[in-house]
Amino acid sequence: AALPLYRSLSEYLPEVADVWCNLGAMLNATGQRAEARQAFERAIDADPLSGLAHRNLAGQLDADGELAQSHYETAVSIDPERLDAVRGLGCALALDGRPQEARSVLQRALTLSPDDAQSHFYLGNALTALDERPAALHHLKTAFRLTGDVRAGVNLANLLMEDGDLAHAEA
């Protein structure tokens, strides 16, 4: 019922970025990614300073790292306190093979929310790429402790096994 309502609202209020953002989120949730991307682009057209619109579009563009990174950077410049945008930028930098920059951005994300498991996970991965193993272990353990996320557990176990800590890697 909400999706048709947002479609109608987008016709009556095409200048309201939040309408397009909400429509895009609903389209994304129903697997209509191409339409969701168009809705997020329309949100940016309606309000180029909408950090939410840039963050949502960046999330849609994660496969296109450079373009996603650009929108995450815009979202962070608009709202430097927006955790999901800061974390997304850090992740995009890491995926682009820039772990040093990712580390700095993800540390900023953790100042915004010290218990953000996703930021701990991505920071642990960036630190692994930088071969900063003790710090990587700390962040991966924290991510796993906070959520029980299998990805964090696998990355943590792999690091422990590489370090020869087989007893803890099995736990």
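Leu27 makes contacts with Leu3, Arg7, Gln32, Glu35, Ala36 and Ala39, when residues up to four places away in sequence are not counted. The model is predicted. The protein has 11 helices and 0 strands, and 42% of its 171 residues count as buried.

**Overall architecture**

- Read along the sequence, the elements follow the pattern α-α-α-α-α-α-α-α-α-α-α.
- The C-alpha trace spans about 60 × 30 × 25 Å along its principal axes.
- Of the contacts between residues at least 6 apart in sequence, 38% join residues at least 24 apart.
- The protein exposes about 9,000 Å², and carbon and sulfur atoms supply 53% of that area.

**Nonpolar core**

- The largest nonpolar core contains 44 residues.
- Within this core, Leu23, Leu27, Ala43, Tyr72 and Leu89 touch the most other members.
- In soluble globular proteins, nonpolar side chains tend to be buried together.

**Helix H6 (residues 83-95)**

- Helix H6 has 13 residues and reaches 18 Å from its first C-alpha to its last, close to the 18 Å expected at 1.5 Å a residue.
- Of the 13 residues of H6, 10 are buried, so the helix is largely enclosed by the rest of the structure.
- The buried residues of H6 are Leu83, Ala85, Val86, Arg87, Gly88, Leu89, Gly90, Cys91, Ala92 and Leu93; one of them, Leu89, is also among the core residues that touch the most other members.
- Gly97 follows H6 and has a positive phi, near 75 degrees.

**Helix H8 (residues 117-129) and its surroundings**

- Helix H8 has 13 residues, and the distance from its first C-alpha to its last is 19 Å, close to the 18 Å expected at 1.5 Å a residue.
- Ala117, Ser119, His120, Phe121, Leu123, Gly124, Ala126 and Leu127 are the buried residues of H8.
- These buried residues pack against H6, helix H7 (99-112), helix H9 (133-147) and helix H10 (150-162).
- Just after H8, Asp131 adopts a positive phi of about 60 degrees.

- The charged end of Arg151 sits over the ring of Phe121, 4.4 Å from the ring centre.

**The loop between H3 and H4**

- Ser50 is placed in the loop between helix H3 (33-46) and helix H4 (51-60), and Leu49 lies in the loop between H3 and H4 as well.
- Ser50 is buried, with a relative accessible area of 7%, whereas Leu49 counts as exposed at 64% relative accessibility.
- The assignments of these residues follow from the cut-offs: Ser50 at 7% falls under 20% and so is buried, while Leu49 at 64% is over 50% and so is exposed.
- Leaving aside neighbours within four places in sequence, Ser50 is in contact with Ala17, Cys21 and Ile78.
- The C-alpha atoms of Leu49 and His138 are separated by 37 Å, and these residues are 89 residues apart along the chain.

Conventions
Residues are numbered from 1 along each chain as its sequence is written. This is a predicted model: local features need pLDDT of at least 70, side-chain atom pairs count only at pLDDT 80 or more; totals for chains, interfaces and linings use all residues. Side-chain values use heavy atoms; hydrogens and water are left out. A charge sits over a ring if NZ of Lys or CZ of Arg is within 6 Å of the ring centre and within 35 degrees of the ring normal. Helices (H or I, at least four residues) and strands (E, at least two) are DSSP runs, numbered from the N terminus. The expected span of a helix is 1.5 Å times one less than its number of residues. Buried means under 20% relative accessible area, exposed over 50%, partly exposed in between (1.4 Å probe, protein chains only). A nonpolar core is a set of buried Ala, Val, Leu, Ile, Met, Phe, Trp, Tyr and Cys residues joined through side-chain atoms within 4.5 Å. Contact means heavy atoms within 4.5 Å. Accessible areas come from the Shrake-Rupley method with a 1.4 Å probe; for residues, only the protein chains shown count as cover.
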